[in-house]
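Open the model in your viewer and keep the selection panel handy. We will walk from one stop to the next, with a few words on what to look for at each.

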Amino acid sequence: MFGGIDPTLLIASLMVASVPIILAAIGELVVERAGVLNLGVEGMMIMGAVCGFIAAVETGSPVLGFVGGAAGGAALSLIFAVLTQFLLANQVATGLALTLFGLGLSSLLGQGYVGIKPPLTGVVPFGPLADIPVLGKIVFGHDWVVYLSIAVVAAAWWVLKSTRMGLILRAVGESHDAAHALGYKVRRIRMLAILFGGGMAGLGGAYISLVRVPQWTDGITSGAGWIALAIVVFAAWRPWRALVGAYLFGGITVLQLNLQAAGARIPVEYLSSAPYLITILVLVIMSSGRGKAALNAPASLGQNFHASR
Amino acid sequence: MKRRTLLATAALGLSMAFGGAAGAQALDKAKACFVYVGPIGDLGWSYQHHQGALAVQAAYGDKVEVVWQENVPEGADAERVLTQMALSGCNIIFTTSFGYMDATNAVAAKFPDVKFEHATGFKREHPNVATYNARFYEGRAIQGHIAGKMTKSNKIGYIGSFPIPEVVMGINAYYLHAKKVNPAVELTVVWAFTWFDPAKEADAAKAMIEQGVDVIASHTDSTAPLAEAAKSNGAVIGFGQASDMADYKPSPRVSSIIDNWAPYYVKRVGEVLEGTWTQTDVWAGIKEGEVEIGEITSVVPADVKAEAEAMRDAIAAGTYHPFTGPIKKQDGSEWLAEGAVAPDGDLLGMNFYVEGITGDIPK
């Protein structure tokens, strides 16, 4: 016990609270590394939330629910991909429109699903491992999506850093003209990156409607997508930093509520604004060292590509 | 002084002459408009206002056109939406959140022929602005009674939205009645600073449960706190807020406060049709049927249920007021003397906790 708060429980719940943001942020990170700025994360998340919810309720399987959520997010991102990659629409405007569209469409799709309880996603049975003091709760006491979110971060880091696929993706994001000249299919690679980003955002959304708040209500993501977007930038487009950012944000959000519940004598106004302030501060300081953060931004970010030759 | 009186009288006369003439006109067809702060699918506050709007449609059929807009932010956007509605021919506009107060009055000044009805506010700066509210604290008193009897850990919780009098009133009523039946009870208040954010509401409930709280009342608009309590397999109970939230019966939802706006909306729109609408300030409660207590489920022992229902009936009959002295403020100073009943003015401006609640109200 520490100031009336059990740190074990706190860490365990911050891991859960951060999952939607991590998933969405890592998806967006890959998209931006490919040189595309998709501001529609919030819209794709909420589509994932509603599609995942519908799929889980109709099939009775939470796993299929998550598959449905990823499909829903990816389907919405396909609209963005077609508009920006083939019709060369402005990425900022299209992304914002995507959010508005996603919010409205999800509300329509969810009409018949208000007030229903989805099938529950259980904790992965680790048997005796879960009974280890402290470690058991933190490491072995979660549902499978929590582990998946960490695995996705590790995979994104490894792929971007050490594989040919990652190198090509980054090349497309840094200079699409050079990548094109080398014979890489810029448009196809970006399409795939956008679909991946949509799928991840959808998965994050589905986690909100299936696990964190197991229900469907309009506007259920309430801004998580925007937080994910901000974390990508403040994490200087590095996967592990995005994880740190999401854990910081989720952690301080949970901590401030716990501090309130534990009756800490800190004014609530400071507690409520703490997650935003501290996350930004820490990530800015982390990124301000040797390499300047701004230089990490993919050079072709947000620019449309049109093969003129 | 004299001149001012004269001017005032003249102005009054003018407004009577014109406003009166316009107001007395009966309408063949009226357009009733509603502005909601959240989605109507929240199953709580906005949902319940929308049920009232649907009741208006059902009551008057073709004579009334009902229009609504969801998710209107409190602030500058509200003014834009209200102006748009007034321009589009609405005869009466219901603005259903506290934060629309200034926007409602500002737009009302520009459209003297349109009637405005603001929920839970206190500003009526123009003759075409009326206010209405419900005595939610009466329901909170009953929840407090149940909470005090049902808690095993002697820790009860309250998820606050914003530190406004209506919410503080609810917290005080809840705590006083829990304390009355269980002197050992401790209240934990968590401020969410939002009306609607399911994930945050769930996190707030979770934080309380981790602190050992086993009865949670919420003043936010979604069912998320109940969904979180449902994960505890019956160890934690809560209440439906604003709407019945019957999907969570019999546990964790053991009772609820239902805001029944329908009779008021039907009456006021009817007055617009007849041309008899006048500015009013209505604060109705259990007695008038505006606040209803949802079914107390089988999880609550029969004797506790009977006591809670007796309190409900006493409040309805006017023989019991939830704020009856002696009650002291948090700092120990006296608020209500023995047997004294809280005046409405004190309640509507309530900015203090009663004795025994720990922590401060955010400024």
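**Before you click.** This is a predicted model, in which local features need pLDDT of at least 70, side-chain atom pairs count only at pLDDT 80 or more, and totals for chains, interfaces and linings use all residues. Residues are numbered from 1 along each chain as its sequence is written, chains are lettered from A and ligands numbered from 1 in the order in which they are written, and side-chain values use heavy atoms, with hydrogens and water left out.

**Stop 1: the interface.** Select the residues of chain B in contact with chain A: 35 residues of chain B touch 29 residues of chain A, where contact means heavy atoms within 4.5 Å. The two chains bury about 2600 Å² between them, 54% of it on carbon and sulfur atoms. Buried area here is the accessible area (1.4 Å probe) that two parts lose on being put together, summed over both. Now highlight B:Asp203, B:Glu210 and B:Gln211, which supply 20% of the area that chain B buries against chain A, more than any other three residues.

Stop 2: How many salt bridges does the rule find across the interface of chain B and chain A? There is 1, counting a side-chain nitrogen of Lys or Arg within 4 Å of a carboxyl oxygen of Asp or Glu. Show the side chains of B:Asp203 and A:Arg212 to see a salt bridge at 2.4 Å, N to O. Which element gives the most to the side of chain B that touches chain A? Select α7(B), which gives 10 residues; helices (H or I, at least four residues) and strands (E, at least two) are DSSP runs, numbered from the N terminus. Coloured by residue class, the side of chain B that touches chain A shows 17 nonpolar, 6 polar and 12 charged residues. In that scheme Ala, Val, Leu, Ile, Met, Phe, Trp, Tyr, Cys and Pro count as nonpolar, Asp, Glu, Lys and Arg as charged, and the others, Gly among them, as polar.

**Stop 3: B:Thr188.** Go to strand β7 of chain B and pick B:Thr188. B:Thr188 is buried, with a relative accessible area of 11%; buried means under 20%, exposed over 50%, and partly exposed in between (1.4 Å probe, protein chains only). Leaving aside residues up to four places away in sequence, the residues that B:Thr188 touches include A:Gln260 and A:Ala261 from chain A, and B:Ile156 and B:Met208 from chain B.

**Stop 4: B:Lys115.** Next, select B:Lys115 in strand β4 (residues 115-119) of chain B. Is B:Lys115 buried or exposed? At 14% relative accessibility, B:Lys115 counts as buried.

**Stop 5: two cis prolines.** Move to the loop between β9 (237-240) and β10 (253-259) of chain B, where B:Pro250 sits. The peptide bond from B:Lys249 to B:Pro250 is cis, with omega near -10°. B:Pro252 lies in the loop between β9 and β10 too, and the bond from B:Ser251 to B:Pro252 is cis, with omega near 10°.

**Stop 6: chain A loops.** Finish on A:Trp237, in the loop between α10 (224-234) and α11 (239-261) of chain A. A:Trp237 has a positive phi of about 60° although it is not a glycine, and at 6% relative accessibility A:Trp237 counts as buried.
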